[in-house]
Amino acid sequence: MESTIVKSINYNAYFGDNHVVKDVNMDIPRNHVIAVMGPSGCGKTTFLRGINRMHELIPGATAKGQIMLNNEDVMEMHPIFVRLKIGMVFQRPNPFPNLSIYDNVIAGYKLNGIKLPKAEKDRIVEHSLTRVALWKEVKDSLTKKGSFLSGGQQQRLCIARAVAMEPEVLLFDEPTSALDPISTSTVEELFHELKKNYTLIIVTHNMQQAARVSDRTAFFYMGELVEYDITKNMFTNPKDTRTQNYITGRFS
Amino acid sequence: MANHVKYRIGKSRVFQGLTILLAFACVVPLIFILIYILQAGLTKINWQFLTNLPKPVGEKGGGIANALIGSIMIILCASVIAIPFGILCGIYLSENKKSRLAYWSRLCVDILQGVPSIVIGIVAYFWLVKPLGGFSAISGSVALAIMMLPIIIRSTEETLKLLPDSLREAAYALGMPFHRVVLKVIVPCGISGIMSGVMLAVARIAGETAPLLFTAFGNPYMSFNMMKPMQSMPLLIFNYATSPYNDWHDLAWGASCILLIWVLALNIFTKVITRKWKVQL
């Protein structure tokens, strides 16, 4: 029996008076890959950023409803604790340009002022970089700056940075839309590895990607969660006509 | 048709030529000032000039040691006051672009930038010199610090505004609180721009005379007491250049030359560290 790790209950998000996410109810099972797809401006990224309380960083942004993480409402928790438990990877690779590759991986500890013994840091760095299949490529240049890597490597470095904090959930906001096809497939392969230890929620506007990598898919349209099902069912037998229109390419 | 095109090409050439000519024309005054002051001042400068106190009229020799030390102390003190205020204010303005307070303080900073330096001197006179009961170096430092503020604030704000939001988001997503995001990510990434603003502010106030006239006042002797009148380079130049004695004119030329080299060196140093510390985004 699958256990639910994240549960959204009547979640609503606003930018000022603009209602962008409307009454979303969604159960996300542990150790699964969930794809969130939908046309531009449908609220999928806003929903994702609501899960780790990044949404409210934007001036004028507000949210209502509940997001339960292990039956604890993240809306009641301090955002700092939420973000330590729910890691995030962004659309564009954003390693810290002033830090080395090594320091980028342990940035979550280093910049938060958490002191670790050297051996422990070394272990975390090697472990995290191995997880994202980057260790072999960078193990001889750990002291170089993060911006020295290629775009795909930078994105994997950012995933390693999130993984290093040992979160329970990883959020990906269109993680491959700024990457070339080869880097994209490397990152997609990673998802299969990562779901053994984490729960992954991936926002994408690439349907093929959703079909390739996810166990379940959610379809957002105009701020509503239209359909949420096992990926295979969703793509072979969509229940809602809007979903059907979307996956058959009638609108994008 | 062909003639028309030729005419337009000609017009474009003339315009291009004009921009080049005027760009060059801007360099000319500086070159003349440099040559003139170096010619007049360089011969006056020697070790004695830098280490001795000014001599009374009629005696040969004498130097500007008190003004050099005084200037350095006054500027250091002004920097200690202005840098923390300026950088913190700049951080606030860049992190809260749209708040009402940011709007008003930005406006005030812009106006402060336009306040004539003599007015700042008079204000410092009424705020500090009168209540303290006499001219003092510290009141001069405060006046200069007020002049530094707008330069530091604006350069900090502009530098930090250019940093991409993705950087802030990366930091927030790792669970970092606001102060750590600013101190560990934002400021280190913008350090080269912030430092260049600080350096330019120092270079800017190094030659300010007006605010010091009513505050530090000047002193023919060596003084290390910030609560007492103190000599400084621009004051020495002002007092000696307007005196009727040739010996003192020579001292003023030499001091002008030193001040010019100082400001020039600061500017070049700023360029070097800005390049060296620049964080590649």
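**View 1. Burial and overall dimensions of chain A.** Of the 252 residues of chain A in this predicted model, 47% count as buried, a residue being buried if 20 or more other C-beta atoms, placed from the backbone, lie within 10 Å of its own, exposed if 12 or fewer, and partly exposed in between. The C-alpha trace of chain A spans about 55 × 40 × 40 Å along its principal axes. Its radius of gyration is 18 Å, which agrees with the value near 18 Å for a compact globule of 252 residues, where the radius is taken over C-alpha atoms and the globule rule is 2.2 Å times the number of residues to the power 0.38. Chain A has 11 helices and 10 strands, which are DSSP runs numbered from the N terminus (helices H or I, at least four residues; strands E, at least two). The model is predicted, with local features needing pLDDT of at least 70 and side-chain atom pairs counting only at pLDDT 80 or more, while totals for chains, interfaces and linings use all residues. Residues are numbered from 1 along each chain as its sequence is written, and chains are lettered from A and ligands numbered from 1 in the order in which they are written.

**View 2. N18(A) in strand β2 of chain A.** N18(A) lies in strand β2 (residues 18–29) of chain A, and it counts as exposed because it has 10 C-beta neighbours inside 10 Å. The C-alpha atoms of N18(A) and L171(A) are separated by 24 Å, and these residues are 153 residues apart along the chain.

**View 3. The contact of chain A with chain B.** The contact takes 21 residues from chain A and 20 residues from chain B, two residues being in contact if their C-beta atoms, placed from the backbone, lie within 7 Å. On the side of chain A that touches chain B, α2 (79–85) and α4 (107–110) of chain A each supply at least two residues, and α2(A) gives the most, with 3 residues.

**View 4. I152(B) and its neighbours.** Not counting residues up to four places away in sequence, I152(B) touches A82(B), I83(B), G86(B), I87(B), G90(B), G197(B), V198(B) and A201(B).

**View 5. The kink in helix α8 of chain B.** Helix α8 (residues 178–206) of chain B has 29 residues, but its end C-alpha atoms are only 35 Å apart, short of the 42 Å that a straight helix would reach at 1.5 Å a residue, the expected span being 1.5 Å times one less than the number of residues. A kink of about 65° in α8(B) is centred on I191(B), where the bend is the angle between axes fitted to the seven residues ending there and the seven starting there.
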